[in-house]
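Please look over the model shown here. The report after it takes up a few local features in turn.

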Amino acid sequence: MNKKKSTPASRRGTTPAGATLGNGGELHLAAGGNHPPLTTNQGIPVPDNQNSLRIGRNGPTALEDFILREKITHFDHERIPERIVHARGSAAHGFFELTKSLKRYTSAAVLNQVGERTPVFVRFSTVAGGAGSIDTPRDVRGFAVKFYTSEGNWDLVGNNIPVFFIQDAMKFPDLVHSVKMEPDRGFPQAGSAHDTFWDFISLTPESMHMIMWAMSDRTIPRSLRMIEGFGVHSFRLVNAQGQSTFVKFHWRPQLGLQSMVWDEAVKTAGADPDFHRRDLFEAITSGNFPQWDLAVQLFTEDDAARFPFDHLDPTKLIPEELVPLTVIGRMVLDRWPDNFFAETEQVAYCPANIVPGIDFSNDPLLQGRLFSYLDTQLSRLGGPNFHQIPINAPKCPFANLQRDGHMQMQVPRGRVNYEPSSLEPDAVREARAGFRSFAAPVDPEVKGRLRPQSFADHYSQARQFFRSQSAPEQSHMASALVFELSKVGTAHVREAVVGHLRHIDAELAQRVADGLGMTALPPAPRAAVEPNDLPPSPALQIIGKMKATLQGRCIGILVADGSDLRAVAAMRKAAEAQGAQVKIVAPRIGGVTGSKGSTLAADGQLAGTPSVVFDAVALALSAEAGTKLAREAAAVDWVRDAFGHLKAIAFTPGAQALLDAARIEADEGVIAADDIDAFLDAAATRHYEREAGVRSLA
Ligand code: HDE
């Protein structure tokens, strides 16, 4: 042993119980007890996982070292291609419980038996960014649900917005190319605020309705637990008699909709790039299981003929005021995956996975999707057997005569791998009942690259969406457009987008033009169909759908040495009683000593836990601490940001110096900390009335 080079054990810290030191001074933890012994992938036990096989103490490594080679080779192949879209996602297990039977409309067992619980796996995602990108860009969120039903897997692969950018699958690669990072420079990551995206949009008027949604606060959700989900396309339900009814699917979060303000989303990206993933993880692992209602809009072919739009056009929605929602069940997410890669990364959703009693519509976007997902998964997951990966496998029996291929996990027995057959009586045969396509009539007269005239109105629903929003939401949309277009370097692209806005709402176009510093309004392009004034649909708002509740919300309490910890405990208890989570933030992670000498541990250190991660904040400070923190940038930002992000603030008299340093002007959301009830009431909402005083919006 080379004693000169080995480090004495005393300098390496304490040796854990049961550990021995190897000849390089490294730790070997004993495999005793019930620990499974480490082996190679061939099952050969490995007694040294620290040192490669070397020819002499300072010599080269032997090629013969199959243990090293196997370990490195496997590591080299740990990454698989990320999804071309929706690469960044977070997922959870749970169940769906039917509360209202749809037996009249569909034979699908999952929608027939009230009270039955069907296991689900749900993955939420951003669209444009890579797998390692931030959680809070301005972006659409994917909302994909795999129902493991007794009749096979049903995937409802939706988004948190009920319409889409384009009408025909043919345009999807162009749309995605334009929004992903620009191909020559490799940026920007995870955002649409750049020339190529807006160039494509400005030349694609059908995207205008979706653009209104994308520029609304829907694309900066506070939490994945607070987003809606939509199946987007019309689907068909088919009952036992073979009759069909159209259906749109909606998920409604039990915690209500809640969004961030833009400045908060930007700062959250820096404070915690994993903010949404961590939020979902913490909620589920602490037993606060997120829940959604599943609702349907049901309508017949005749109803559809009377709509002032074509429901097969995925850039249109059916207002709830026209076809009301019926809640039919609830979904609860109650288990975090055991392994991120095996489950969240390898899960493969596909809109073509449907069960008997559900069928597709002729929406041309949906029709293209039916091809795309399996195709992309063949390369992403490496071959045709990815349905055998546990997260993708049905939980009901499944068998057929498909054979072989990469990564075949099953060992099919017998001679018969074809059908019809007579050699083996128990070989797989056609099912007696099962999926049958609805015999929908088709228009056989023409074949061509066609777009129906009923798809030609690109502005009416965009206008309806904008005009249905509350005043602060309209300002946020105008400001989002100004922000995004200000990042577009090409003047004619900015002008072309503003030109489209003129068809949607003249005032919106003017506000955006002013925000961009345009001296005159650019011309509006020719509209294929002049837009109509549709009746406003308040159900399209976010603010109107926010719930004044502390359920699922998190309050941060800033403490320092000398704080009144009894008052802090009282506030915590009251907040928790209303369903809030409370976290203590202190200048040092070790915690603080209170005014009476007791101590309190901190959940976060001030500089590393900015107020963006909370829904409301309280300043529980002595006068001495308040004065000291008034000179601390992290503390001043903490308060200033909470105020700017329209959150409630509670303060002790000692915190006044800090409030002054942050230039906080008292309003109805800034409340004395001893009035706990008033603070908790204020903490249950955002204070949009404050916004005009803190930032200029377009
Ligand atoms: Fe997707 N989409 N998409 N999409 N999509 C994918 O499939 C595609 C569309 C959606 O968490 C890909 O396995 C085409 C609409 C979600 O794993 C890919 C078109 C909606 C997810 C694909 C669309 C969605 C995807 C990428 C237009 C809302 C993530 C990797 C014809 C209703 C699922 C993959 C997850 C993923 C294709 C449009 C939702 C490439 C061709 C509209 C939530 O196959």
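How many nonpolar, polar and charged residues does the shell around the ligand have?

## The shell around the ligand

By class, this shell has 13 nonpolar, ten polar and three charged residues, where Ala, Val, Leu, Ile, Met, Phe, Trp, Tyr, Cys and Pro count as nonpolar, Asp, Glu, Lys and Arg as charged, and the others, Gly among them, as polar. The model is a predicted one, in which local features need pLDDT of at least 70 and side-chain atom pairs count only at pLDDT 80 or more, while totals for chains, interfaces and linings use all residues. Residues are numbered from 1 along each chain as its sequence is written.

The ligand is surrounded by 26 residues, and the closest are Arg 83, His 86, Gly 142, Ala 169 and Val 232; a residue counts as near a molecule or strand if its C-beta atom, placed from the backbone, lies within 6 Å of it. At least two residues of the shell come from each of strand 4 (117-126), strand 5 (141-149), strand 6 (152-159) and helix 9 (364-380), and helix 9 gives the most, with seven residues. Helices (H or I, at least four residues) and strands (E, at least two) are DSSP runs, numbered from the N terminus.

## Backbone features in the loops

Most residues other than glycine have a negative phi, and most peptide bonds are trans. His 86, which is one of the residues closest to the ligand, has a positive phi of about 60° although it is not a glycine, and His 86 lies in the loop between helix 1 (66-76) and strand 3 (89-98).

The peptide bond from Phe 187 to Pro 188 is cis, with omega near 0°, and Pro 188 is placed in the loop between helix 2 (172-179) and helix 3. Glu 419 and Pro 420 are also joined by a cis peptide bond, with omega about 5°, and Pro 420 is found in the loop between helix 9 and helix 10 (460-468).

## Helix 12 and its two partners

Helix 3 (residues 195-202) and helix 12 (residues 491-504) pack at an angle of about 40°, with their axes 9 Å apart; axes are lines fitted to C-alpha atoms, for helices over the stretch in contact, and angles run from 0 to 180 degrees between N-to-C directions. Helix 3 and helix 12 are therefore oblique to each other, given that angles under 35 degrees count as roughly parallel, over 145 as roughly antiparallel, 65 to 115 as roughly perpendicular and the rest as oblique. The contact (C-beta atoms, placed from the backbone, within 7 Å) is made by Asp 195, Trp 198, Asp 199, Ile 201 and Ser 202 of helix 3 and by Val 493, Ala 496, Val 497 and His 500 of helix 12. Its residues divide into five nonpolar, two polar and two charged.

The axes of helix 12 and helix 13 (residues 506-515) come within 6 Å and cross at roughly 155°, and these two helices are therefore roughly antiparallel to each other. Here Val 498, Leu 501, Arg 502 and Ile 504 in helix 12 meet Ala 506, Leu 508, Ala 509, Val 512 and Ala 513 in helix 13, a contact with eight nonpolar, no polar and one charged residues.

## The six-stranded sheet

An open sheet of six strands has the order 17-14-13-18-19-20, with parallel pairing, two strands being paired if DSSP finds at least two bridges between them. Strand 13 (residues 554-559) and strand 18 (residues 616-620) pair over five bridges, and the bridge partner of Ile 557 in strand 18 is Ala 618.

How values were computed. Two residues are in contact if their C-beta atoms, placed from the backbone, lie within 7 Å.
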